[in-house]
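Reader: I would like to go through this model with you. May we look at it together?

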Amino acid sequence: MTGVSRRRFVQGAAVTGGAAVVGPVWGQTVAEAVRIPGGGVAESAALSVTKADPRYPSLVSGVNLRWVGTPDAVRVVGSADQVVQVVQEAVDKGQPVAVRSGGHCYEDFVTRPEVRVVIDMSGMSGVTFDRDRRAFAVEPGATLGTVYRALFKGWGVTLPGGTCPTVGTGGHVAGGGYGPLGRLHGLIVDHLHAVEVVVVDAAGKARKVVATREPDDPNRDLWWAHTGAGGGNFGVVTCYWFRSPGATGTEPSALLPKPPAELLVSEVSWSWEGMTEAAFTRLLKNFSQWHEKNSAPGTPYAALFSHLTPQHRSAGSFAMNTQIDASVPDADKLLDAFLAAVNEGTGLTYRVGDRKRVPWLYAVTQWAGWVGGTTARWKAKSAYLRKAFPDAQVKAFYKHLTRTDYDNPGGLVVLSSYGGRINQVAAGDTAVAQRDSIVKLLYVSLWNEASEDAKHLAWIREFYRDVYAATGGVPRPGGVDDGAFINYVDADMADPTINDSGVPWHQLYFKDNYSRLQAVKAKWDPKNLFTHSMAIRKP
């Protein structure tokens, strides 16, 4: 995920092929950490957890408890060779497979009833430096928190990924993950040098393939597909390698971005009491207008990232969290100017809940402004914003966030800073086609009881449809909006009874990149073994 922390709102060898490893190895593979009955170490075969195993209930559900799977087995793997073995066994037996790393998928792609084997990547969590490739090797089971700690403590570098430390790297990268450093350094996939994937050919043979971004790599199309197409499409990722474009030399500390030493963090909030529609409208329009003016690559505000989170009125108030590199000249003044611009003309007074300097590593793994709180069930939708909000969209926000027939404090929208360096990359250079947006939106409804599913689903669907009423109920690409984000996947978009806009789901997520992704799908997954309700379709 992501950009915004889900936790704030919702409850083997690391390098294959004999590559040299330099520096610390963070995380253990299953082969290193798990012993099987009889005292042996699970080095040659993946663990198999079946329904009779007490571990099974914990391994068949993810963070969103709306979805609980019933596979015949969960295979916990510890190396790429084990993944090849597990995939081959599933192919030979005709068993549909799905893959899980961090378990944060928004829909039922891993837990759907037809899945018989879940490949759990959590045992593959190494973070190392591969001297031969001059790149950092990250296994897909490593969580973002593990990656940040490893890269920073080992080499003083980082990746511009999301804010939730429990998200697995496997899905985050494949979906084109973004985060607070994106305006400075681009998306995480903008630093992806290579990927290793277990694929299955037309004869049903599983094998490992390494694909790089090098122009003369015959497998380059497979690398490109893993820069934003989302997970579960082409095979099983067993390793990512990261090196920034244009980075030279062999010194690891010069091959990825360096994070700020310290951040100036801020949280302010506004009370719903006494807030008029006019004041609310001005607040949201101010936020979007500021980003329209300050999201060009190279902006002095590239080091600032913020998310404004209007919640349903029943919450009593809503907040805006902001961070800026504390070493930027006049960081305090820049932050004050931003806060003043967002609040200008509203007649509102915001409450300052937090403002302090914190070490960067603390901020990305510990600061309560980004993480904290749990729940059980949720539904989400997303959109990209290219220009300041039109009046009609903000009017729909106010209508649904103040509805008296719906009183869930867990109904909210997260408006996150975007643009900057992200927008320097051409739409076709990666699978992420949205490269001129200024704000990313995450619509969420959160609740605890299954008996309330229908109520909460109805609210978020009505809300979303009203916001985009002028374009058929979806954020049609190319105008004020620019489609949706695959890591905030929403199966409604592929349901013709809900999305009757005439804009197909793949146009919303991939725009003109979809036909190219289809060609990659046909080449690398000819048997269509890796699929779900919103997987890339073969042409």
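Reader: Which residues does R377 touch, not counting residues up to four places away in sequence?
Author: R377 touches N64, L65, R66, S445, L446, W447, N448, E449, A450 and D453, where contact means heavy atoms within 4.5 Å. Please note that this is a predicted model, in which local features need pLDDT of at least 70, side-chain atom pairs count only at pLDDT 80 or more, and totals for chains, interfaces and linings use all residues. Residues are numbered from 1 along each chain as its sequence is written, and side-chain values use heavy atoms, leaving out hydrogens and water.

Reader: Is R377 buried or exposed?
Author: R377 is buried, at a relative accessible area of 12%; buried means under 20%, with a 1.4 Å probe and protein chains only.

Reader: And what does its side chain reach?
Author: The side chain of R377 reaches the backbone oxygen of L65 at 3.4 Å.

Reader: Turning to the largest nonpolar core, how many residues has it?
Author: The largest nonpolar core has 115 residues, and L441 is among those with the most contacts inside it. Such a core is a set of buried Ala, Val, Leu, Ile, Met, Phe, Trp, Tyr and Cys residues joined through side-chain atoms within 4.5 Å. Another core, of 17 residues, lies apart from it and includes V86 and F530.

Terms used
Buried < 20%, exposed > 50% of the residue type's maximum accessible area, 1.4 Å probe, protein only. Polar contact = N/O pair within 3.5 Å; in protein donor to acceptor, adjacent residues only side chain to side chain.
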